[in-house]
Each structure stands twice: as C-alpha cells, then as structure tokens.
Amino acid sequence: MIIQAELRRKQSEYEGEACSVDKVIELPAQRFKQFSRALLADYDFIAENKNAIRRDDDARHCLLILDAEGKDGFLVDPQGYNYARYSAFVPNARSLLTPDMAIDRSYLSPAEPWRDESRDEMLRMTLRVEGKPDYTLVLPADEEYLDAVKDYLDIDVFADAMLCNIHFKVPYIGELIRDTDCPAVEDYNDFAEALEDIWQQDGALLTYAAVLEAEKPETLHRACELLRNLVNYQRITEDAYGYGQQRLQETLGLDDEAIYELDGYMDFEKYGQDCMENDCVTKTEFGLLRRLDPPFPEQRQGQQMFQ
C-alpha cells in the first residue's frame with residue numbers, strides 16, 4: 001500500500017488546526033498536477049473563489065481543491081490572494097466529502113497550457129481547430145507541454161490542427177527554410193531544439209544561414225539534418241591571405257610562430273586563392289563557405305566559387 005503524506009522530522013506533537021471547507025473545486029488531472037508543483041503561482045480558480053471563504057474564530061476556512069481523476073486534494077486558504085498562501089495536502093480527501101457538499105466542476109474544461117517561459121523561443125505558430133480558439137504554440141517544447149496543448153484543443157494528434165502564421169526568431173533563417181514536405185508540429189519542434197543548441201555559439205547562426213543558401217534543402221527534415229551536422233561546414237571570415245595561412249597551418253601542422261617566420265618568403269594570398277579553388281569554397285550572401293566532407297562539387301565553381 002502506498003500513502004502520500006507529509007512527514008516532519010522528530011515531530012513531538014500534532015500541531016494541526018480545525019479547518020472548515022467552504023467550497024470544493026475539481027480540477028482536471030493535468031491542471032491539478034501543475035497546481036501541486038507550483039502552489040505559489042496565481043490561479044483563476046483561487047482568484048474567482050477567494051471571496052467565498054468566510055472568516056470566524058472557530059476554524060480556518062478553506063477551499064478544497066480536488067483531482068478530478070484521483071482521490072487526493074489540497075486545503076487552500078489564500079488569505080485574499082490569488083495563490084495558495086496557506087495550503088495542506090490531504091490524502092484521500094475525496095473520501096471525506098459528505099453527500100450535502102456541492103462540487104464546483106466548472107474548471108474541468110482544459111486550461112490554456114502553461115510553458116516554461118525561461119526557455120528561448122525559437123519559433124511560434126498558430127494552431128487552428130474548428131470550434132476552438134486559435135492557440136499560439138511556442139517551440140521548442142517538451143512532451144508534457146505538447147500533450148497539454150492537444151488536450152486544450154481536444155485533438156488526438158497535431159495533424160488535426162491547421163498550422164498558420166509560422167514565425168522564426170531569426171527572420172533570415174525562416175526565409176531560407178522550405179516546407180515542401182508539409183512538416184508536422186513534431187518536425188518543427190525537432191528543428192527548434194536543434195536551433196536552440198547553437199543559439200549561443202558565436203557565428204553559428206550565420207554559418208547555418210550560409211549552409212542553407214548553399215545546400216538549398218528541399219524539406220525541413222533535411223534542413224534539420226544540416227543544422228545538426230554544422231561541424232562539417234566552415235564559414236570563412238578571412239581574406240585569401242588569411243585563408244592561405246590557415247590552410248598551411250592545417251596541412252603542415254605549423255604554429256603561429258612558424259607562419260610569422262614564413263611571412264615575406266611565401267605568397268600567402270596566392271596560396272589562399274589556390275586553396276579556395278581546390279577546396280571548392282562557395283560564395284553565399286552570408287560569406288564564403290567550405291564543406292569539409294565531401295567538398296562542394298566543382299561544377300558550382302562557375303557561379304559560386306571564390307574569385
């Protein structure tokens with residue numbers, strides 16, 4: 001048998017107080033779980049019922065918040081606030097109800113899902129379902145949030161919703177993304193997670209923009225694959241002179257001091273130009289781009305090779 005309870009260390013006596021339940025409120029299981037994990041957040045079901053609590057000296061008057069699909073509950077005395085200022089977990093609270101006690105079930109319609117706003121928002125879209133209010137979905141998101149959105153829209157899968165007004169946090173990335181494969185919410189979420197991974201990496205977004213322009217992926221899935229394999233690309237920020245020095249260091253394993261000693265004895269600019277041609281470096285709006293393995297094909301040289 002498993003009993004949920006709050007145990008206090010070395011409790012010498014029971015310090016409970018008499019509580020009078022003035023109103024019983026049922027919440028959907030998901031929302032009850034959310035409430036139990038964030039008791040100090042503001043909630044509409046507390047704000048709208050805090051004035052139903054009486055005050056007298058005989059007992060502490062409370063709301064009883066129940067899980068619609070469970071037996072447990074919480075006693076809440078908000079003290080005029082919109083959150084559970086005073087609260088107590090009551091295991092098997094439903095068994096304590098008497099036949100004359102009414103239950104407010106008006107909150108059983110799913111509440112608008114709450115997400116962790118501390119996370120970066122890579123993209124957002126509008127989900128449209130007939131007979132339901134439009135919902136703005138922000139990505140990336142975890143499974144719990146996505147399930148709550150489906151419950152809120154009363155759909156089994158996101159394919160039952162129309163995706164509208166898709167906006168990327170980085171506009172130039174969004175302009176380069178194609179969606180000829182009619183991607184699903186899950187595809188966009190995978191992409192948003194991968195984009196979040198490089199968000200703080202210096203220069204990574206410009207490198208990815210150059211990759212999108214050069215590779216021209218036909219599907220969001222392919223664009224996501226390129227994003228996860230960004231280490232295979234190098235956006236060149238140096239001129240031919242600097243690129244020649246860099247490639248010489250890579251090829252011969254020379255350090256900066258050795259390169260300095262060679263300065264004046266070697267035409268780094270000509271060597272850099274030759275390396276760019278041999279490496280099939282491609283020119284994009286976001287800078288020169290080199291693909292490490294395999295290099296870009298030579299037929300691109302006529303229009304896109306570094307000149």
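Predicted model: local features only at pLDDT ≥ 70, side-chain atom pairs only at ≥ 80, totals over all residues.

Me: How are two packed helices described?
Reply: Two packed helices are described by the angle between their axes and the distance between the axes. Helices (H or I, at least four residues) and strands (E, at least two) are DSSP runs, numbered from the N terminus; axes are lines fitted to C-alpha atoms, for helices over the stretch in contact, and angles run from 0 to 180 degrees between N-to-C directions. Here α6 (residues 204-215) and α7 (residues 220-228) pack at about 135°, and their axes are 10 Å apart. That angle makes α6 oblique to α7, given that under 35 degrees counts as roughly parallel, over 145 as roughly antiparallel, 65 to 115 as roughly perpendicular and the rest as oblique.

Me: Which residues of α6 and α7 make the contact?
Reply: With contact meaning heavy atoms within 4.5 Å, α6 contributes Y208, V211, L212 and E215, and α7 contributes A223, C224, L226 and L227.

Me: How should I read a sheet, and in what order do the strands β6, β7 and β8 lie?
Reply: Two strands pair if DSSP finds at least two bridges between them. In this open sheet of three strands the order is β7-β6-β8, with antiparallel pairing; β7 (135-139) and β8 (162-168) are the edge strands, each pairing on one side only. The twist averages 25° from one strand to the next. Five bridges link β6 (residues 123-128) to β7 in the antiparallel sense, and L127 has Y135 of β7 as its bridge partner.

Me: Which strands does helix α3 lie across?
Reply: Helix α3 (residues 143-153) lies across β6 and β7, running at about 170° to β7. Helix α5 (residues 185-198) also packs on the sheet, where α5 touches β6, β7 and β8.

Me: What is the strand order in the sheet that contains β9?
Reply: That open sheet has three strands in the order β9-β11-β10, paired antiparallel, and its twist averages 35° from one strand to the next. Three bridges join β10 to β11 (residues 287-291), and T282 stands opposite L289 in β11.

Me: Where does UniProt place the feature "domain: DUF6329"?
Reply: The unreviewed UniProt entry places it at residues 60-96; UniProt positions are given in the numbering used here, feature names are shortened, and annotations may be inferred rather than shown by experiment. In the model, residues 60-96 are 0% helix and 49% strand, with their end C-alpha atoms 17 Å apart.

Terms used:
Residues numbered from 1 in each chain as written. Heavy atoms only, no water.
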